[in-house]
Protein chains: 2
Amino acid sequence: MLEKIDLEKKMTKEDFKEKMEVLEIKAGKLQRECREAGIPIMIIFEGFRAAGKGNLINQLIRPLDPRGFQVFTTVPTKEDELHPYFWRFFTKTPPKGRIHLFDESWYQGLLSKTPVVSYDEVNQFEKQFTDDGNVIIKLFLCISKKEQKKRLEALEKEKASKWRVSKEDWKENKAYEEWLSAYDNMIVHTDTPYAPWTVVEAMNREYASCKILSTLISYMETALAKKKEGKVCEEPVNDFEPEGFDNGVLAGVELDKVLTREEYKEKRKNLQKRLSVLHNKIYKKRVPVVLAFEGWDAGGKGGAIKRLTECLDPRGYEVVPVASPNDIEKAHHYLWRFWERMPKAGHITIFDRTWYGRVLVERIEGFASKAEWKRAYKEINDMEEHLAKSGCIVLKFWMHIDKDEQEKRFTLRQETPEKQWKITEEDWRNRAKWDDYEKAVDEMVLRTSTDYAPWIIVEANDKLYARFKVLETVVEKLEEVLL
Amino acid sequence: MLEKIDLEKKMTKEDFKEKMEVLEIKAGKLQRECREAGIPIMIIFEGFRAAGKGNLINQLIRPLDPRGFQVFTTVPTKEDELHPYFWRFFTKTPPKGRIHLFDESWYQGLLSKTPVVSYDEVNQFEKQFTDDGNVIIKLFLCISKKEQKKRLEALEKEKASKWRVSKEDWKENKAYEEWLSAYDNMIVHTDTPYAPWTVVEAMNREYASCKILSTLISYMETALAKKKEGKVCEEPVNDFEPEGFDNGVLAGVELDKVLTREEYKEKRKNLQKRLSVLHNKIYKKRVPVVLAFEGWDAGGKGGAIKRLTECLDPRGYEVVPVASPNDIEKAHHYLWRFWERMPKAGHITIFDRTWYGRVLVERIEGFASKAEWKRAYKEINDMEEHLAKSGCIVLKFWMHIDKDEQEKRFTLRQETPEKQWKITEEDWRNRAKWDDYEKAVDEMVLRTSTDYAPWIIVEANDKLYARFKVLETVVEKLEEVLL
């Protein structure tokens with residue numbers, strides 16, 4: 001792609017001034033409209049070294065309201081390095097109505113000698129955002145070998161800018177042709193209909209500035225027009241499971257497993273001791289751990305989590321209770337608030353309810369459209385695979401009780417004053433939708449049970465057995481990896 | 001996914017008979033409706049050995065009109081093996097209104113010890129068909145280790161069926177757990193919203209039969225309902241290039257290159273000699289070669305092709321002239337007719353006009369929707385990469401002349417009786433859209449110029465120079481690979 005580009009595009013200063021005046025007014029107006037319309041925009045800048053990213057970003061943001069955008073650079077922080085690669089980007093994605101600019105981006109992960117992500121992962125990463133209504137503008141700034149050399153020399157000549165030229169810059173210039181080919185490959189494999197590349201001829205700054213601002217304007221206009229049409233065009237979804245032929249996971253679970261208090265005490269003591277040792281190892285070996293809990297209301301999530309945390313060092317774990325998203329969370333992609341809380345290396349995060357809300361409550365209550373929850377299976381699998389690939393241990397527990405047991409527990413809660421806070425009208429409403437939930441759980445467990453992030457169905461009619469099974473599973477899985 | 005499935009689903013014979021009677025009538029009726037509606041359907045059967053694929057396929061097709069479906073097995077023919085992996089499948093995809101059943105499919109390419117395709121390639125392969133209106137039903141037949149063993153033993157016991165059990169069958173049974181995990185991984189990574197998997201519990205044949213037929217019915221009903229709604233929901237497309245900032249490829253091409261007849265003769269002689277030698281090598285080394293020609297009307301494609309073929313052994317090459325698709329071709333995916341003609345190993349195919357019609361004439365005349373031609377860039381890149389990965393040399397030529405030169409040639413054609421057949425009203429109509437075409441060519445060359453399948457812009461105002469450049473490029477590229 002790149003070698004075909006005629007780089008010698010120019011614009012006179014007068015022409016530039018005249019055009020920019022018009023464009024800047026337009027851009028400011030469109031930014032306000034996009035904010036009102038709640039359109040999130042990501043603009044990423046990639047390109048040759050010394051192509052002028054910094055300058056062009058500055059030029060671009062000039063006409064924008066500073067309360068509406070933010071610029072991010074990719075020099076990774078310590079915190080970034082303790083998380084999976086996409087963490088640093090996912091957590092920086094814009095909420096509705098804002099513009100986030102990236103001075104280099106996730107594409108750096110493709111360009112390093114040992115790529116940390118694949119083309120496919122990058123495409124999927126972007127797709128989940130465009131599916132969610134984001135506009136992604138990908139700019140590649142291109143200059144010639146000669147021009148790059150000229151600019152590096154000019155920078156080196158000035159005392160004030162000498163420090164800005166690195167060995168890496170010169171290396172790229174020497175191996176310009178190889179870099180051109182590497183960039184080209186990157187572009188070709190990630191040039192998708194939903195997030196295409198725009199190659200910007202950056203030899204002449206006026207031309208480049210003007211083209212970038214015009215591109216942003218064109219994107220904003222299109223996005224606004226689509227929004228006004230109200231044509232939310234979703235990927236077609238196929239209905240595949242005829243009535244009466246579900247694969248049925250929960251139906252096959254035998255719920256009669258029990259433990260006596262003595263058995264439980266003994267086992268617990270032993271397991272908690274082992275877990276305590278393991279927690280140290282987790283920290284020393286810098287392994288992140290995610291323990292995700294879902295289950296029927298009154299299924300015993302809280303109790304199981306408590307038995308886990310009793311023997312953990314509080315500095316090394318966090319319990320994240322998940323309720324309905326707040327306004328800030330709602331303004332982001334539904335996975336954003338979970339990415340935010342993912343453990344750093346050496347830490348455990350326990351989620352009391354999880355991102356699976358998307359395919360459970362959001363599916364059943366209609367908070368997510370069919371297209372949205374159907375594609376969530378793959379989005380979630382992708383996220384968990386990314387965590388697992390970065391060394392994270394991911395275990396997911398479904399606390400399973402039957403309908404009768406739930407009724408018993410609900411009634412007990414209602415009749416016991418100190419437990420009354422645990423039961424609400426909503427619990428009863430959810431209970432009335434038991435069959436819908438069972439279907440959703442079946443499909444969820446099937447479509448997201450993976451080697452790298454397995455679901456464990458916990459037979460939880462007997463609380464002691466359930467707590468034991470959770471403890472045992474965690475200990476055994478951790479020992480498998482750590483010992 | 002698979003390990004969570006409760007395999008012990010059953011159906012009594014009576015129940016089965018009763019249900020099937022109703023389902024079969026329904027299926028027959030829906031098949032007719034789908035044929036009328038022009039919906040193409042692919043049903044693929046994957047699963048454990050001895051899961052009963054053959055039987056279940058037979059059971060499924062019983063109620064169908066045999067003029068409307070076809071069954072394919074994947075034992076590759078000699079012809080298949082001489083082509084890139086997807087060739088054998090692409091060429092067997094159904095035209096509008098027909099059902100093609102695959103007894104094992106492209107997933108075999110994922111399951112071999114050294115996979116010949118990636119998850120991503122498989123997903124893209126399927127997506128281009130669902131994007132094009134195909135229904136893809138993917139069935140995975142699952143049985144337990146014990147059941148598989150029982151079936152293999154039963155088959156071996158009978159003289160008539162003994163031959164059907166192979167070493168590979170027993171190997172799979174011995175390593176059942178590993179296969180389960182391999183199948184599981186395959187399913188998880190290819191379980192997409194547009195082509196999800198249906199896992200069929202195949203321990204009980206009645207249950208499995210009934211579930212499969214019900215699944216087909218459910219897919220057909222959904223597809224028909226969508227068709228009736230007329231809701232063709234296409235992937236959103238982003239407009240990225242603001243007016244006046246095209247990357248402009250053609251504008252930068254210098255058309256003043258010429259050759260005297262003497263120079264040309266000498267060069268041609270030398271190049272044709274080398275090409276003749278290379279053609280032998282191509283055959284011996286079993287390298288397939290694709291030479292694709294596009295260009296302005298009267299740009300000199302024919303002449304350039306003639307100078308190439310003059311020195312080729314006619315048994316080793318084919319020239320494919322491409323016109324508007326005929327009815328059969330129109331009933332398929334637009335790439336189908338080109339896949340059909342792709343060269344086998346050791347052969348050269350020269351296309352006089354190509355699949356790029358999708359982003360040229362079909363774009364400009366509105367035969368393809370914007371979403372269709374926009375996604376074609378990636379579809380075409382994927383196809384060409386697949387060819388290249390299989391060892392194919394792919395070169396693409398754009399025969400470039402300017403507007404004045406075209407007018408001269410048109411006029412000459414009109415005034416020369418023996419050339420009059422070469423010029424039609426349509427040529428003049430196309431010429432009137434020169435600017436639109438130029439824009440489309442610019443974008444095409446940019447978005448589909450790749451390392452593995454480069455575009456060569458041929459400066460063709462001078463016919464001799466153009467012929468020389470084509471010859472020289474072909475010879476040099478072939479020598480690069482073959483010598």
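A polar contact is a pair of N or O atoms within 3.5 Å; within protein, one must be able to donate a hydrogen and the other to accept it, and residues adjacent in sequence count only if both atoms are side-chain atoms. The model is predicted, so local features need pLDDT of at least 70 and side-chain atom pairs count only at pLDDT 80 or more, while totals for chains, interfaces and linings use all residues. Residues are numbered from 1 along each chain as its sequence is written, chains are lettered from A, and side-chain values use heavy atoms, with hydrogens and water left out.

**Exercise 1.** Find how many residue pairs are in polar contact across the interface of chain A and chain B.

*Solution.* Step two: look at the chain A side, where H10(A) supplies the largest share, nine residues.

**Exercise 2.** Find which residue of chain B meets the side chain of Arg447(A) in a salt bridge.

*Solution.* Step one: recall the rule, a side-chain nitrogen of Lys or Arg within 4 Å of a carboxyl oxygen of Asp or Glu. Step two: the partner is Asp191(B), at 2.6 Å, N to O. Step three: within chain A, Arg447(A) also meets Glu443(A), at 3.3 Å.

**Exercise 3.** Work out how Glu405(A) and Arg409(A) are placed in helix H17 of chain A.

*Solution.* Step one: their side chains form a salt bridge of 2.9 Å, N to O. Step two: because they are four residues apart in H17 (residues 403-415), about one helical turn separates them.

Methods:
Helix = DSSP H or I, 4+ residues; strand = E, 2+ residues; numbered from the N terminus.
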